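Welcome, and please have a look at the model shown here.

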Amino acid sequence: MKLVLAIVNDEDGNKVLSALNKSGFSVTKLATTGGFLRAGNMTLLIGTDEDKVDEVIKIISEKSCRRKQITTSPMPIGATSAFTPYPIEVEIGGATIFVVDVERFEKV
């Protein structure tokens with residue numbers, strides 16, 4: 001048994017969740033926030049058999065895409081009140097996926 005932890009952008013989260021459910025995977029959704037942009041994310045917990053992990057990752061990869069977004073530069077640590085933020089282009093989206101072994105699983 002494996003636990004797949006997938007952190008996806010909010011814009012892609014519902015597409016990923018629907019596709020996983022449609023393929024028969026049970027998913028637990030957690031609302032999370034990213035550190036750099038403080039943007040909304042969705043963390044998905046998917047418990048599955050080892051032989052289905054590649055299918056889960058394929059679905060996540062197909063339904064989450066990377067894209068560019070314009071945002072303001074973060075305020076540097078120790079900056080004075082004279083700091084002027086400027087627009088920067090950052091890449092958002094996609095997914096960060098962790099696969100971990102599950103020692104024990106019970107559904108009660």
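The report below starts with the overall fold and then turns to the helices and a pocket.

## Basis

This is a predicted model, in which local features need pLDDT of at least 70, side-chain atom pairs count only at pLDDT 80 or more, and totals for chains, interfaces and linings use all residues. Residues are numbered from 1 along each chain as its sequence is written, and side-chain values use heavy atoms, with hydrogens and water left out.

## Overall fold

The protein has two helices and six strands, taken as DSSP runs (helices H or I, at least four residues; strands E, at least two) numbered from the N terminus. Their order from the N terminus is β-α-β-β-α-β-β-β. Of the 108 residues, 28% are buried (under 20% relative accessible area, 1.4 Å probe, protein chains only).

## Helix packing

Helix α1 (residues 10-22) and helix α2 (residues 53-63) have axes that come within 9 Å and cross at roughly 145°; axes are lines fitted to C-alpha atoms over the stretch in contact, and angles run from 0 to 180 degrees between N-to-C directions. On the α1 side, Asp12, Lys15, Val16, Ala19 and Leu20 make the contact, and α2 brings Val56, Ile59, Ile60 and Lys63 (contact means heavy atoms within 4.5 Å).

## A pocket

What lines the second largest pocket? Met1, Leu3, Ser26, Val27, Thr28, Leu45, Ile46, Gly47, Phe105 and Lys107 do, each with an atom within 4 Å of a point on a 1 Å grid, where a pocket is an open set of points that fit a 1.4 Å probe, with protein on both sides within 12 Å along at least five of seven lines. Strand β3 gives the most to this lining, with three residues.

Note on methods: Buried < 20%, exposed > 50% of the residue type's maximum accessible area, 1.4 Å probe, protein only.
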